[in-house]
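This briefing is meant for a reader meeting the structure for the first time. Please keep the sequence and the 3D view at hand while reading.

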Amino acid sequence: MTLNNIEIDTLVVGAGQAGVAMSEHLTQLGIPHLVLEKNRIAEAWRTGRWDSLVANGPAWHDRFPGMEFDDINPDGFVAKERIADYFAAYADKFNAPIHTGVDVRRVQRNLGRPGFSVETSAGRIEAQRIVAATGPFQRPAIPAIAPQDDTLTQIHSAQYRNPQQLPAGAVLVVGAGSSGVQIADELRRAGKQVYLSVGAHDRPPRAYRNRDFCWWLGVLGLWDAAATQPGKEHVTIAVSGAHGGHTVDFRKLAHEGVQLVGLTQSFQNGGVTFANNLKENIARGDENYLELLDAADAYIARNGLDLPEEPAARHLLPDPECMVNPILALNLADAGISTIIWATGYSADYGWLEVDAFDSAGKPQHQRGVSREPGIYFLGLPWLSRRGSTFIWGVWHDAKYIADHIATQRSYLSYKDAGQRR
């Protein structure tokens with residue numbers, strides 16, 4: 001494919017959920033644009049996730065407003081391949097100008113003329129505006145404490161596919177957000193001995209009083225929260241749609257055989273140490289869980305809703321032995337640990353975007369996705385405009401705001417003074 005010497009108003013980089021949403025809104029506004037994707041549409045859903053992954057939200061919620069999952073129960077949790085197919089079908093619905101297999105390698109602002117020059121694997125493009133829709137899951141992040149030990153298999157959760165790919169032996173899963181806890185549970189069900197390192201987290205109920213937690217966050221206004229609470233900027237959320245959806249319960253996992261440990265601190269001489277904060281981390285997760293139940297109960301009472309009471313939701317299992325007498329250190333060989341899975345999140349990679357849109361740490365500087373560098377936009381990032389910005393429906397609404405901003409800028413640039421109008 002050749003795209004050399006093409007001139008376009010807006011170039012969207014990335015054709016995941018963010019890029020598809022952006023293209024829809026630009027199409028509706030009649031703004032000429034291209035979407036470039038280095039792989040396939042929604043590739044991360046296909047090959048950047050484990051085999052059994054399903055969406056963490058129900059089908060009625062985790063979708064764009066313009067199309068439902070017509071073959072799935074609205075309260076069900078959609079498998080990853082079906083989600084990728086959904087985005088491809090959605091793009092077809094409005095004939096999105098997406099070019100796959102094209103890698104964007106460099107973007108630079110033009111000097112002495114408007115717009116940007118873009119180097120791609122298919123040629124050079126001139127664009128007036130750039131939307132970076134590559135999302136938050138760009139580069140798997142493994143912390144520097146990872147041991148230099150060739151006897152261990154070490155992979156990031158992005159490389160994990162299923163239990164069969166792992167060698168014999170126990171597994172240490174580092175990170176207990178949605179990915180880590182679901183992988184640990186899957187390995188435990190497959191008969192693996194699993195150690196799960198639990199850090200700070202939020203732990204919402206999967207459902208409460210006949211409503212999914214996605215519904216509760218909606219009616220309570222929490223999806224639209226404009227800023228995170230102080231101290232929770234990097235707190236992960238432990239939630240799962242696996243096995244029909246269930247509330248993540250660390251005590252239950254432990255009673256079923258998963259060995260819980262605190263935050264992973266260091267590796268040395270074939271051993272690993274853990275912080276003595278397991279009980280504290282789980283207690284804070286419990287507080288978050290109970291706070292949402294309290295808020296839901298208050299909402300029901302305030303609005304006189306007829307929803308069934310659920311007193312059992314407040315019953316917590318007894319603390320397992322690993323919480324009462326926490327493991328603070330392990331010899332990996334003695335514990336039989338042959339694999340470490342790092343469920344430790346991702347970092348951004350904007351090395352291709354050579355513009356003045358970042359702070360000294362390389363973090364994008366923007367207001368609701370509108371960069372401090374005129375003509376540059378970001379989409380799909382956490383807390384771009386609200387708590388829900390990285391979710392499927394949230395990115396759709398953020399894309400609308402950016403498209404409207406682009407349309408407004410185009411209207412100013414099309415202005416003609418009296419002499420030009422003659």
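The model is a predicted one, and it holds 30 salt bridges. Its largest nonpolar core has 93 residues, and its second largest pocket has a volume of about 310 Å³.

**Salt bridges**

- Asp9 and Arg129 meet through their side chains in a salt bridge, with 2.7 Å from N to O. Because Asp9 lies in strand β1 (residues 6-13) and Arg129 in strand β6 (residues 123-132), this pair ties together parts that are 120 residues apart in sequence.
- Both partners of that pair are buried, since the cut-off for buried is under 20% relative accessible area: Asp9 has a relative accessible area of 11%, and Arg129 is at 7% relative accessibility.
- The side chains of Glu43 and Arg40 also form a salt bridge, at 2.6 Å from N to O. Glu43 is buried, with a relative accessible area of 14%, whereas Arg40 is partly exposed, with a relative accessible area of 45%.
- A further salt bridge joins the side chains of Asp85 and Arg46, at 2.9 Å from N to O, and this pair links distant parts of the chain, with Asp85 in helix α3 (residues 80-93) and Arg46 in helix α2 (residues 43-47), 39 residues apart.
- Within this pair, Asp85 is partly exposed, with a relative accessible area of 37%, while Arg46 counts as buried at 14% relative accessibility.
- Salt bridges also link Asp185, Arg188, Arg189, Lys252 and Glu256 into a network.

- In soluble globular proteins, nonpolar side chains tend to be buried together.
- Here, the residues with the most contacts inside the largest nonpolar core, which has 93 residues, are Leu196, Phe250 and Leu353. Helix α9 (residues 392-413) gives the most to this core, with seven residues.
- Leaving aside residues up to four places away in sequence, Phe250 touches Ala176, Val181, Leu196, Val198, His201, Arg203, Ala238, Leu260 and Ile282.

- With a volume of about 310 Å³, the second largest pocket is lined by 19 residues, of which Asp185, Arg189, Ala242, His243 and His246 are the closest to its centre.
- The elements that give two or more residues to this lining are α4 (178-189) and α6 (250-255), and the largest share, six residues, comes from α4.
- By residue type, the lining of the second largest pocket divides into six nonpolar, six polar and seven charged residues.
- Two of the names given for the centre of this pocket, Asp185 and Arg189, also take part in the salt-bridge network described above.

- Apart from residues up to four places away in sequence, Arg368 touches Leu384, Ser385, Arg386, Tyr401 and Ile402.
- Arg368 and His397 are 29 residues apart along the chain, and their C-alpha atoms are separated by 11 Å.

Methods:
Residues numbered from 1 in each chain as written. Predicted model: local features only at pLDDT ≥ 70, side-chain atom pairs only at ≥ 80, totals over all residues. Heavy atoms only, no water. Salt bridge = Lys/Arg side-chain N within 4 Å of Asp/Glu carboxyl O. Helix = DSSP H or I, 4+ residues; strand = E, 2+ residues; numbered from the N terminus. Buried < 20%, exposed > 50% of the residue type's maximum accessible area, 1.4 Å probe, protein only. Core = buried A, V, L, I, M, F, W, Y, C linked by side-chain atoms within 4.5 Å. Contact = heavy atoms within 4.5 Å. 1 Å grid on protein atoms, 1.4 Å probe; cavity = no way out; pocket = protein on both sides within 12 Å on 5 of 7 lines; lining within 4 Å. Points joined across faces, edges and corners; volume = space filled by probe spheres on them. Nonpolar A, V, L, I, M, F, W, Y, C, P; charged D, E, K, R; others polar.
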